Amino acid sequence: DLSQLAGDAVERLRAAGKLGGRSIELRADEAVMAVGDESRLRQVILNLLSNAAEATGIDGRIVVEVARRDGRALVAVVDDGPGMAPGAKEHLFEPFYTTKDHGTGLGLAISRAIVEAHRGELTLEAARDGGTRAEVQLEVRPSEEAIA
């Protein structure tokens with residue numbers, strides 16, 4: 001259940017003090033069941049949330065959306081940070097590429113590999129109102145397709 005995974009990820013980061021005073025809004029359908037390994041998908045969501053928190057600054061805003069769309073399960077993490085630097089987008093998923101002062105540059109590369117191993121897709125785009133939108137699309141668990 002991606003809604004539950006997203007909620008758990010927010011609570012873990014909050015308990016660890018990684019979210020500071022940032023505003024986090026979780027917009028989730030009741031239950032969005034995806035095909036995949038729970039711990040690996042949790043790792044992806046935690047990474048995307050951590051990146052958003054680092055990008056926004058202490059009083060930033062992050063929205064986590066979980067939904068079914070076009071027969072796919074979707075998790076999106078949208079932040080109101082400064083957005084991607086010009087030219088960075090083409091390198092974001094390369095191992096060891098980072099725009100941060102600290103970090104290894106492996107988080108997005110590993111996250112993409114996990115998502116692709118689940119026959120899904122991970123994309124990063126400029127958000128409509130500034131910031132960045134990271135979106136994961138996965139297969140919906142077969143029993144959920146009839147409901148969607």
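I began with α3, where Leu108, Ala109, Ser111, Ile114 and Val115 are buried (under 20% relative accessible area, with exposed over 50% and partly exposed in between, using a 1.4 Å probe and protein chains only). Helices here are DSSP runs of H or I with at least four residues, strands are E runs of at least two, and both are numbered from the N terminus.

A note on the source: this is a predicted model, in which local features need pLDDT of at least 70 and side-chain atom pairs count only at pLDDT 80 or more, while totals for chains, interfaces and linings use all residues. Residues are numbered from 1 along each chain as its sequence is written, and side-chain values use heavy atoms, without hydrogens and water.

What do the buried residues of α3 pack against? I found α2, β4 and β5, with contact meaning heavy atoms within 4.5 Å. Helix α3 (residues 107-117) lies across β4 and β5 and runs at about 135° to β4; axes are lines fitted to C-alpha atoms, for helices over the stretch in contact, and angles run from 0 to 180 degrees between N-to-C directions. Just after α3, I noted a positive phi of about 60° at Arg119.

β4 and β5 (residues 132-139) run antiparallel, joined by six bridges; a pair needs at least two DSSP bridges. Leu122 sits opposite Val136 in β5.

Last, I traced the whole sheet: it is open, with five strands in the order β1-β2-β3-β5-β4 and mixed pairing. β1 (23-28) and β4 (121-126) are the edge strands, each pairing on one side only.
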